[in-house]
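Trainee: I have a model open and want to learn how to read it. Where do we begin?

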Amino acid sequence: LTKAQLETLTVVAYRGPITRPELEEIRGVNCSVILRNLLVRGFISQSDSRDIIGPEYQPSTDALAHLGISSTEQLPSFAELSKHEHIEKILEES
């Protein structure tokens with residue numbers, strides 16, 4: 001996955017179900033192509049529960065299984081994860 005795809009998948013995992021406009025507001029860029037690619041690759045799924053706004057996206061069960069979890073509630077706390085020593089080291093090197 002590209003950095004943009006990983007970023008999008010992370011936002012979908014932590015904020016999903018999320019619509020494309022909501023995702024684009026968070027990321028600040030058009031996400032149509034990235035969402036299509038993630039759908040084709042089976043990393044996310046979509047539902048049409050918000051007909052006016054558009055489909056909602058969420059991590060697919062295959063993506064969650066690949067991470068070794070069965071639901072997004074089992075994801076590590078974002079605050080805890082963002083303070084991980086390896087992430088801080090990578091950010092310092094950038």
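Mentor: Begin with one residue and its neighbours. Contact means heavy atoms within 4.5 Å. Leaving out residues up to four places away in sequence, Tyr57 touches Val12, Gly16, Pro17, Ile18, Thr19, Arg20, Leu35, Leu39, Ile44, Ser45 and Gln46.

Trainee: What kind of model is this, and how are residues numbered?

Mentor: It is a predicted model: local features need pLDDT of at least 70, side-chain atom pairs count only at pLDDT 80 or more, and totals for chains, interfaces and linings use all residues. Residues are numbered from 1 along each chain as its sequence is written, and side-chain values use heavy atoms, without hydrogens and water.

Trainee: Is Tyr57 buried or exposed?

Mentor: Buried means under 20% relative accessible area, exposed over 50%, partly exposed in between (1.4 Å probe, protein chains only). Tyr57 has 8%, so Tyr57 is buried. Tyr57 is found in strand 3. Tyr57 and Ile18 are 39 residues apart in sequence, yet 5.2 Å apart in space, C-alpha to C-alpha.

Trainee: How many helices and strands does the chain have?

Mentor: Both are DSSP runs numbered from the N terminus: helices are H or I with at least four residues, strands E with at least two. The chain has six helices and three strands. From the N terminus the order is α-β-α-α-β-β-α-α-α. The C-alpha trace spans about 40 × 30 × 20 Å along its principal axes. Of the 94 residues, 27% count as buried.

Trainee: How do I check the length of helix 1?

Mentor: The expected span is 1.5 Å times one less than the number of residues. Helix 1 has 13 residues, so the span should be 18 Å; its end C-alpha atoms are 18 Å apart, which agrees. Its buried residues are Gln5, Thr8, Leu9, Val11, Val12 and Ala13. They pack against strand 1 (18–19), helix 2, helix 3, strand 2 and strand 3.

Trainee: Which residues of helix 2 are buried?

Mentor: First, the general idea. An α-helix has 3.6 residues a turn, so residues three or four places apart point the same way. In helix 2, Leu23, Glu24 and Arg27 are buried. They cover an arc of only 100 degrees around the axis, which puts them on the same side of helix 2. The arc is that of the directions from the helix axis to the C-beta atoms. The buried residues of helix 2 pack against helix 1, strand 1 and helix 3. Just after helix 2, Gly28 has a positive phi of about 80 degrees.

Trainee: And which residues of helix 3 are buried?

Mentor: Ile34, Leu35 and Leu38 are the buried residues of helix 3 (residues 32–40). They cover an arc of only 100 degrees around the axis, so they lie on the same side of helix 3. They pack against helix 1, helix 2 (20–27), strand 2 (44–47) and strand 3 (56–59). Gly42 follows helix 3, with a positive phi near 85 degrees.

Trainee: What volume does the largest pocket have?

Mentor: On a 1 Å grid over the protein atoms alone, a pocket is an open set of points where a 1.4 Å probe fits, with protein on both sides within 12 Å along at least five of seven lines; lining residues have an atom within 4 Å of a point. Grid points are joined across faces, edges and corners, and the volume is the space filled by probe spheres set on the points. Here the largest pocket has about 850 Å³. Of its 25 lining residues, Leu6, Glu7, Thr10, Tyr14 and Leu81 are the closest to its centre. Helix 1 gives the most to the lining, with nine residues.
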